[in-house]
Amino acid sequence: MNRVLVAALGFSALGLLGVSSGGGPSGSECIRCHEMQENHAAWKVSTHQTVSCTGCHEATTANKLRRLSAHVRNDLPEQFRLSQNDVETLVERCRGCHQTQFADWRRGPHGSNFGKIFLDARHNAKRMLMDDCLRCHGMFFEGSVAGLVKPLDTRGPWRMVRPGDEAKPAMPCLTCHAVHREGKAGGKVRPSLALYDRREQDHVPLDGMAIPAMLENGRPVKMSPDRRQALCYQ
């Protein structure tokens, strides 16, 4: 009898999670879970407010069952965070609207994958890999550097702990873009510009980062007033 009751409650919860609906353009299905309300409120005033939740986020039955399982176990986060797999899926969807920016990112140094960063024999022979490497080159990786590459020494040869990780982006789009930040599209400085802090699992907005004063032979160096460079100095 208890199993029947649990099953009935489970199917009811699946209905609440909108397994068949996919979330809807207004996100009404998504906010039925209380931990999603803060994210939904931020999205409503962001530059992506006209893009439906499922336009960026994967709303598969498997994902929803994972959330349902967390509810059943009462294993709910204080605030909803994206997993590494969530971020990788989202990055591919960025390409749909931001094709030029995506191509620039992919061609540039920030488009490097884990293999290029962590399997560089020349670099690894000089400096041993450590967790601090992930602060910039693996902000969304779930675990320590020991869970990404081995051995952790300067002798090598080095390889990925999980085959396939070498092709994953080390610095995905969300590294420097908080797509739910309030603001309007347009202008040189995008409202979404923010740096993801791996330790806090949150973005630090551009106006919260300092641009350091630089000196050459004791004399101040003239700095660009462009606030975007604050991202690079971190």
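This is a predicted model: local features need pLDDT of at least 70, side-chain atom pairs count only at pLDDT 80 or more; totals for chains, interfaces and linings use all residues.

The structure holds 10 salt bridges, a salt bridge being a side-chain nitrogen of Lys or Arg within 4 Å of a carboxyl oxygen of Asp or Glu. Residues are numbered from 1 along each chain as its sequence is written, and side-chain values use heavy atoms, with hydrogens and water left out.

Side chains of opposite charge can pair when their charged atoms come close. With a relative accessibility of 2%, D165 counts as buried, the classes being buried under 20% relative accessible area, exposed over 50% and partly exposed in between, for a 1.4 Å probe and protein chains only.

Another salt bridge joins R199 to D197, with the closest N and O atoms 3.4 Å apart. Elsewhere, salt bridges that share partners join E88, R162, D165 and K168 into one network.

The interior comes next. A nonpolar core is taken here as a set of buried Ala, Val, Leu, Ile, Met, Phe, Trp, Tyr and Cys residues joined through side-chain atoms within 4.5 Å. The largest such core has 17 residues, of which V91, F140, L206, M209 and L231 touch the most other members. At least two residues of this core are supplied by each of α5 (84-97), α6 (99-107), β3 (194-197) and α10 (229-233), and the largest share, 4 residues, comes from α5. The core also draws at least three residues from each of domain 2 (85-174) and domain 3 (176-232), the bounds of these domains coming from an automatic or database domain assignment. Apart from this core lies another, of 11 residues, with F114, F118, V149 and A170 among them.

What lies on the surface? M214, V221 and Y233 make a nonpolar surface patch of about 230 Å². Patches are made of residues with over 30% relative accessible area and no salt bridge, like charges being joined within 9 Å and nonpolar side chains (Val, Leu, Ile, Met, Phe, Trp, Tyr) within 5 Å; the areas come from the Shrake-Rupley method with a 1.4 Å probe, and for residues only the protein chains shown count as cover. Of these residues, M214 is found in the loop between β4 (202-205) and β5 (215-216), and M214 is partly exposed, with a relative accessible area of 37%.

How many disulfides are there? With a disulfide defined as a pair of cysteine sulfur atoms within 2.5 Å, the count comes to 0. The sulfur of C94 has its closest cysteine sulfur in C173, at 4.3 Å, which is too far for a bond, and C94 counts as buried at 15% relative accessibility. For C97, the closest cysteine sulfur is that of C56, at 7.2 Å, again too far for a bond, but C97 is exposed, with a relative accessible area of 67%.

Some points of the backbone remain. Most residues other than glycine have a negative phi, and most peptide bonds are trans. The peptide bond from K150 to P151, however, is cis, with omega near 0°, and P151 sits in the loop between β1 (149-150) and β2 (159-160). A cis peptide bond also joins G156 and P157, with omega about -5°, and P157 too is found in the loop between β1 and β2.

Q201, although not a glycine, has a positive phi of about 55°; this residue lies in the loop between β3 and β4 and counts as partly exposed at 43% relative accessibility. N217 likewise has a positive phi, near 55°, and is placed in the loop between β5 and β6 (219-220), where N217 counts as exposed at 77% relative accessibility.
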